[in-house]
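Trainee: Could you go through this one with me, a few residues at a time?
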Amino acid sequence: MSKEKIVFDNATTQKTLEDNNKTLGELESQGVSISKPVAGQYVRIRPGTEFKDLVWVNIAFHTDAVSQKETQYIIKGESLEVDRKLQNILQSLIKPCILVPYQDNGGNESIWIVKQPAKGQSSMTSHSSSIKAVKGMLDGWRMVWFKNLKVGYCCEKPEDQDAFEDYPFSDFTQSELINFAFDDNIITSMDHDLIKDFKGKKNR
């Protein structure tokens, strides 16, 4: 267990923004999206980051029955007891994931949700190949894309690491980027709409 734990704390975020004279509006214009790397672009993780620095969270993947749109929710109960209850209710939707903040060769920052095997699930090629791709991105620019279930993720080195514009990374911490990218989709209590909907369906 690492000593340092990520804290999703709005007060911390607010204070940091004030310290840096940043408003939530400015943070919004920063535009951190949740998306996986695709073929045709090169991506990298902030230099100096190590694999152990990346944050692991439990994420519930919920597909809306009508729109068929998938939404990702971080499960982070406000107490151990609440967290246990949340995980119990949403067990069928939850996968442990690594949150990987990265930059593409256009200077845009995104978060890649790297799924790992759920409890009782065996590791698949997509799981192991994504870890290899992340470790590649920690070493510099890589082109990363999902090929198919058999091959998983491909990770290709460019001819020259210096062929890309060295865009600065934002000053925001991992915690702030995660807070911004997920926004209201961080479930900390039993009052969240997803919990109410899910419990309602179970009781029907």
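Mentor: What follows is a walk through some residues of this predicted model.

Trainee: Let's start with glutamate 109, then; where does it sit?
Mentor: Glutamate 109 belongs to strand 6, which covers residues 109–115.

Trainee: What lies 2.6 Å from a polar atom of its side chain, I mean that of glutamate 109?
Mentor: The backbone nitrogen of serine 170 is found at that distance from the side chain of glutamate 109.

Trainee: Switching to the surface, which residues form the negative patch?
Mentor: The negative surface patch is made up of Glu156, Glu159, Asp160 and Asp162. Taking one of these, aspartate 160 is located in the loop between strand 8 and helix 5, the helix spanning 174–182, and aspartate 160 is partly exposed, since its relative accessible area is 38%.

Trainee: Which way does phi go at glutamine 68, positive or negative?
Mentor: Phi of glutamine 68 is positive, at about 65°, even though the residue is not a glycine. Glutamine 68 sits in the loop that runs between strand 3 (55–63) and strand 4 (70–75), and it counts as exposed because its relative accessible area is 56%.

Trainee: What about phi at aspartate 183?
Mentor: Aspartate 183, which is likewise not a glycine, has a positive phi near 50°. Its place is the loop between helix 5 and strand 9 (186–187), and with a relative accessibility of 53% aspartate 183 is classed as exposed.

Trainee: Now lysine 150, is that buried or exposed?
Mentor: Lysine 150 is exposed, because its relative accessible area is 74%. It lies in the loop connecting strand 7 (142–148) and strand 8 (152–156), and its C-alpha atom is 6.6 Å from that of threonine 125, although 25 residues separate the two along the chain.

Trainee: Last one: where is isoleucine 131, and how accessible is it?
Mentor: Isoleucine 131 is part of helix 4, residues 125–138, and it counts as buried because its relative accessibility is 15%. The C-alpha atoms of isoleucine 131 and lysine 115 are 9.5 Å apart, with the two residues 16 positions from each other along the chain.

Technical notes. Residues are numbered from 1 along each chain as its sequence is written. This is a predicted model: local features need pLDDT of at least 70, side-chain atom pairs count only at pLDDT 80 or more; totals for chains, interfaces and linings use all residues. Side-chain values use heavy atoms; hydrogens and water are left out. Helices (H or I, at least four residues) and strands (E, at least two) are DSSP runs, numbered from the N terminus. Buried means under 20% relative accessible area, exposed over 50%, partly exposed in between (1.4 Å probe, protein chains only). A polar contact is a pair of N or O atoms within 3.5 Å; within protein, one must be able to donate a hydrogen and the other to accept it, and residues adjacent in sequence count only if both atoms are side-chain atoms. Patches are made of residues with over 30% relative accessible area and no salt bridge: like charges are joined within 9 Å, nonpolar side chains (Val, Leu, Ile, Met, Phe, Trp, Tyr) within 5 Å. Accessible areas come from the Shrake-Rupley method with a 1.4 Å probe; for residues, only the protein chains shown count as cover. A salt bridge is a side-chain nitrogen of Lys or Arg within 4 Å of a carboxyl oxygen of Asp or Glu. Lys and Arg count as positive and Asp and Glu as negative; His and the chain ends are not counted. The place of a charge is taken as NZ of Lys, CZ of Arg, CG of Asp or CD of Glu.
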